[in-house]
Amino acid sequence: MTTQLLTYIFVGITFALYIGIALWSRARSTNDFYVAGKDVHPVANGMATAADWMSAASFLSMAGLIAFLGKDGSVYLMGWTGGYVLLALLLAPYLRKFGKFTVPDFIGERYYSKTARKLAVVCLIFISFTYIAGQMRGVGIVFSRFLEVDINTGVIVGMAIVFFYAVLGGMKGITYTQVAQYCVLIFAYLVPAIFISILMTGEVIPQIGFGSTLVDSQVYLLDKLDQVTKDLGFIAYTENAKSNIDIFCITAALMFGTAGLPHVIVRFFTVPSVGAARQSAGYALIFIALLYTTAPAVSAFARMNLIDSIQDQPYSTSPSWFKNWEEIGLIAWIDKNEDGKIQYSSGDALENVKPSYQELRGPNGQRLLENEPNLSNENEIYIDRDIIVLANPEIAKLPSWVIALVAAGGLAAALSTAAGLLLVISSSVSHDLLKKTYMPKITEKQELKYARIAAAIAIGIAGIFGIYPPAFVAQVVAFAFGLAAATFFPALFLGIFYKRLNKEGAITGMLGGLLFTASYIIYFKFINPDINNSDFWLLGISPEGIGCIGMIINFALALSVSIFTKPPPKEIFDMVDEIRQP
Amino acid sequence: MKDKTHQYWKANLKIVFSLLVIWFIASFGFGIIFSDTLDQIRFGGFKLGFWFAQQGSIYIFVIIIFLYVWLMKRLDKKLSEEEEI
């Protein structure tokens, strides 16, 4: 059977499974729709949280990023797992005790203010849509490469599936579909990793293979990789290129951002008790760690394999995956020295970095480019980092069912995260904006109807992002984490641990953190991208890490404004006392 | 009664604070600040600082959360027993 046919079968089976689960778990009340009836088992919630959390970025892009960044890539590994410690110890149990439906709900009640609630809804919608745009790109890539359908058709099919189970089942449908999606995605991630680990090092467990010697030699994989990367003019794989302060701040922004992401927090509202919320965070991190400790091993294997399989190869005999991805437009080759062979080294191969192709073919059959070659280095290839995980099984010459499996896994990762995000958007619109602010008189049944309508509209908007992807998707991801760290984390944390914090303090803090972080990122990413380098950054902190400073500003403003204004009413003190009890 | 809940909260803060110290040392300490120094030590094919940054810190995070679950369960039990008396 061809890879394409197998992919259709795998993707078809998994999609049928998701629809089946959706039919079985329909939501009947707002309680079902927003928080799955609050009776999800901690292990199931752990899996659902893991699938919710691990997006197309974790599944498709992260190992690729780390493969090219080497040790600098650790910021993602530590940042996206360490946040769960903060979530488990500082937020999840208390927010579960609070026992309402959404994150703006907590902020609105705790700070006894509709303004605070509306501000939280705005931040939530912004963060969540930023994130969804990335998921849709993931769906598009998988569909166009493996099913050879148009990206737009792919996006529409993906949207239709999410529409079906999110609108019908709400949180309940999403939770149980995410459990299934976790199983699909982790299986799809581990199988090729184990295969490649055995091929390269003879070790079954990738985490061990990562630190072992290569097959038929006495040389450790990482030592060889350090040597090869240095020879090609890169910094050694296991050494940092970024400054320590920048690495520190990016890691912190990702950690605190993770703990403040509404679609993750809301997962802990679905379990039956405070104890279950704590346990559930632990299970979630185990399930996440399974992928996150495998990813850096995959990165090292992929980088090694990639260099081995293309360096100094004549283009005419280059492997088929190389040409396939070139057709999609995610690989480009420019024969600078006209020897017909592929040379890979450090530096951007092309002027303007991203390739734009001509209709014509070159003497070796390669796609010719509009771009001028970048003559300051000898690198001849452009590789989009997003393809590494998808191409890895092909690069390692694994059987075609493994490739099909990876495609199904990538879709599971993208769809599960998109569904979780759509749910928090729709529930904050129907619950926080309509029921709690503008239309307090609606009945539960009407609220449920509005929640479904909001979910449908949100899916439509997400679909438009997928079909007309904003050119800046990758760049705005920094936004989502930076803003979550600079707005939600301090407001939630202080709301629980500092009773005296009043609405004036919380609102000023959130606004200050939001404005500072947003302007810094917009300035360096959009207004003045030419000076986006460490000479101009504040204290040498990149826009990716600035959320950490935004958070400190939020804390400082919130605490100082609070001291000089009226303390919160007595009910708030009682409420905080109440949520501090198990 | 008021006193009991106050003590419970204080014990809770102590647990959270000590676990966060471990969290900080494992990630920001071993994985970033002292990473290059730890790289002098080898551990199989890994340099130790690199291992903490890409593997070890994550294992420690998992252990921290389960320690927390266990310690809090013990504390909750103590509180409910005292309330019964």
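Which residues does A:Phe489 touch, not counting residues up to four places away in sequence? In this predicted model, A:Phe489 touches A:Phe256, A:Ala259, A:Gly260, A:Ala484 and A:Met551. The residue belongs to helix α18 of chain A, which covers residues 473-497. A:Phe489 counts as buried because 28 C-beta neighbours lie inside 10 Å, and 20 or more are required for that class. A:Ser426 stands 63 residues from A:Phe489 along the chain, and the C-alpha atoms of the two are separated by 21 Å.

Domain 1 (3-306 + 396-580) and domain 2 (307-395) of chain A each contribute at least three residues to the core.

Leaving aside neighbours within four places in sequence, B:Ile65 is in contact with A:Tyr84, A:Val85, A:Ala88, A:Ala281, A:Gly282 and A:Leu285. Across the whole contact, chain A takes part with 38 residues and chain B with 31 residues. On the side of chain B that touches chain A, at least two residues come from each of α1 (2-33), β2 (46-47) and α3 (48-84) of chain B. Among these elements, α3(B) gives the most, with 16 residues. Sorted by class, that side of chain B comprises 20 nonpolar, eight polar and three charged residues.

Technical notes. Residues numbered from 1 in each chain as written. Chains lettered and ligands numbered in written order. Predicted model: local features only at pLDDT ≥ 70, side-chain atom pairs only at ≥ 80, totals over all residues. Helix = DSSP H or I, 4+ residues; strand = E, 2+ residues; numbered from the N terminus. Buried ≥ 20, exposed ≤ 12 C-beta atoms within 10 Å, placed from the backbone. Contact = placed C-beta atoms within 7 Å. Domains from an automatic or database assignment. Nonpolar A, V, L, I, M, F, W, Y, C, P; charged D, E, K, R; others polar.
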